[in-house]
Amino acid sequence: MKKITLSLLTALLLSFCASASENSYTTQNPAYELDGLSVFGRVENVYLTGTDKYKHIPFDGKIDTGADTTSIHADNIHILSSNPKYKGLSDSELLKYIVDEFGGSQSNWWLDEFDTPERDLKLTVIFNVTNPYTGDVLEFEKSLARVSVVRSRTSEEPLYRPVIGLTMKIGDVEIETEASLTDRGNFSTPILIGKTFLKQNAWVFAGYDYLQEQPKATLIGRQETMMVNGLAMDVSISMESKSSVLHATNIKVDKKAKQVSFDTNDNEGNSKSFTLPLIGMIKFGDIERPEVYIPVKGEKHFETKLHVYLRDRSKSSSQLRLGREALSKNFVISASEKNLLDKPKEEFSQRLKDKNPLVVSPEELILVDGIELNAKPDLRVKTPVLKVSSFEISSADKGQQVTYFLQDDVGEQKKFVKPILRKIRVGDTVRPVIRVRLEASGKYSEYDVALETVDNNEQQIFIIGQESKKGGVIINTRTDLLLESHTLVKAGYIENATVEGLNFPVKLDTGADVSSMHAQNIKLYKKEGKDMVDFVYENEQGDKKSFTRQVVRMMTIKAKAGEKANHRPVVKMDVQIGDIRETVKVNLQDRSRFGYSMILGENFLRHGVVVSSDNKFLLGGAEKDIKQ
């Protein structure tokens, strides 16, 4: 057989860098627009363009096809009316009174015209939105558009929330939309983008964060220097940590004033004192650390504010460490280069055109000689490395050979004996270089890699080095498994799914991390040292089936005020919609009060499902009888 000389990693990029027609869109080459509509990632920058003061400030917004309404975090919310009819009433009491006038929360009151000239309710909503970067408070005064009535889990009385009109912009989409005002202090983002914004305006691909920001992402090297108010900070990168951290000493937190003061110094020992708005407190076990936004600049280009927490990093090699959140919002990383912020600005889209690099994510899966291994890039490694538990070098007829083992997916050890092509020295160790067959997404090649033994408690793994491709290696933290290519499939927010042989309608929910399935008679127990669960699935279409599954983990759902935390067993289930079939983790809960017995979350949708908030059953079929 003729030897394939084109590297696997190069071949994998052919589809990624191909010209983008609708048929060529994949999880490697995502669409930014489909059918004339923008494609949003799971999290995007949201701008409140209706006010000059805030129109250039990006707020994090979670894009949720499972949410009917858009909502925004607000403080000091007050609802008033100048109509004498409502004298003495305000806030929730006023909202409840008006809803009762319209027939009560159990009626179809919201279908009626809300505030007509004849009624003249004279309703005004006053509320505050805080600038997360400066702590400044902007007071809004808006007319009440309508009332949102939310069922409460802890009481029979529903929650009454004001809904107002706001002009918002995501990417190139700018519209005036209805948004409910609520306390989102316990959520990951201050804004939730629901169907009131998405309908007729955007698709959603949950496989990416900040998808609309990706083409213009700034290219940075594996080491950088950033200026923080005149201090030159050494910058390192962590793809394992979500949060970024800044070196700080003498930290003093004033929660009442919502401020934090601290000292910091740069790589030359110059120091400054800061007092910044306190954004929140991040917990690490029993330790809380304050979070702030810091202004940062590159030497020649780039300027923004980064969300960081504060701690003493005097024993670390860098004063500022970037985590995945900051990376995903702003950057892509060139693994082999340094100090790109000192050079003319280069964006991700331009580097793709100019050098055709290998683009990988922090977490990958790849077949090495037929054995599936986790793979990851490493900013310290040049030559690709295969880490195994141990290896043994021996003499052969033509030079030397090495023997090593890889564990397959059922736990069996597979033996490999390979000739040593050459050896490379790394510090005090010598690594043999061998040739392996790499495969991902049906593409394969023979590739030269160095062997290394794993560290304590480390698993076998393939390390993608800086020199894995001539055009360079770019690390993109907005998604995972970039080397697994899936064709993008357009789906409605409701589709028929086949789950373990059962076929029924499911809801596609980009706001959910993990898919969830209705389960009754849940019984947890141990069997042969493994955590197991028995449960019964039943839906309104008449499907019913009993299951026994191994419990992958227990999932804890954070409790809202006045509620208890919810603990759910997580199991693996075979799920298919259209041509996409995956075995995914599913948490089990009683969903009898919901309209659909199963939701498919990000862990399924990431495999190429682009969701419409306007349509159902784009993949074919029709809706069966179901409770709405």
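**Exercise 1. Find which residues make the nonpolar surface patch of about 260 Å², and work out why Met554 can belong to a patch.**

*Solution.* Step 1: the patch is made by Ile522, Leu524 and Met554. Nonpolar side chains (Val, Leu, Ile, Met, Phe, Trp, Tyr) are joined within 5 Å, and like charges within 9 Å. Areas come from the Shrake-Rupley method with a 1.4 Å probe, and for residues only the protein chains shown count as cover. Step 3: Met554, found in strand 43 (residues 553–557), has a relative accessible area of 41%, so this residue is partly exposed (buried is under 20%, exposed over 50%, partly exposed in between).

Before you go on, remember that this is a predicted model: local features need pLDDT of at least 70, side-chain atom pairs count only at pLDDT 80 or more, and totals for chains, interfaces and linings use all residues. Residues are numbered from 1 along each chain as its sequence is written, and side-chain values use heavy atoms, with hydrogens and water left out.

**Exercise 2. Work out which residues of helix 2 are buried and what they pack against.**

*Solution.* Step 1: helix 2 covers residues 91–101, and its buried residues are Leu94, Leu95, Ile98 and Val99. Helices (H or I, at least four residues) and strands (E, at least two) are DSSP runs, numbered from the N terminus. Step 2: viewed down the helix axis, these buried residues lie within an arc of 135°, so they line one face of helix 2. The arc uses the directions from the helix axis to the C-beta atoms. Step 3: they pack against strand 6 (75–81), strand 7 (123–130), strand 9 (146–150) and strand 10 (159–170); contact means heavy atoms within 4.5 Å. Step 4: just after helix 2, look for Gly103, with a positive phi of about 120°.

**Exercise 3. Decide whether Gln466 is buried or exposed, and name some residues that it touches.**

*Solution.* Step 1: find Gln466 in the loop between strand 35 (461–464) and strand 36 (473–475). Step 2: with a relative accessible area of 6%, Gln466 is buried. Step 3: leaving out residues up to four places away in sequence, Gln466 touches, among others, Arg222, Asp378 and Val473.

**Exercise 4. Describe the chain as a whole.**

*Solution.* Step 1: count 6 helices and 47 strands. Step 2: of its 628 residues, 51% count as buried.

Terms used:
Patch = residues over 30% accessible without salt bridge, like charges linked within 9 Å, V, L, I, M, F, W, Y side chains within 5 Å. Salt bridge = Lys/Arg side-chain N within 4 Å of Asp/Glu carboxyl O. Buried < 20%, exposed > 50% of the residue type's maximum accessible area, 1.4 Å probe, protein only.
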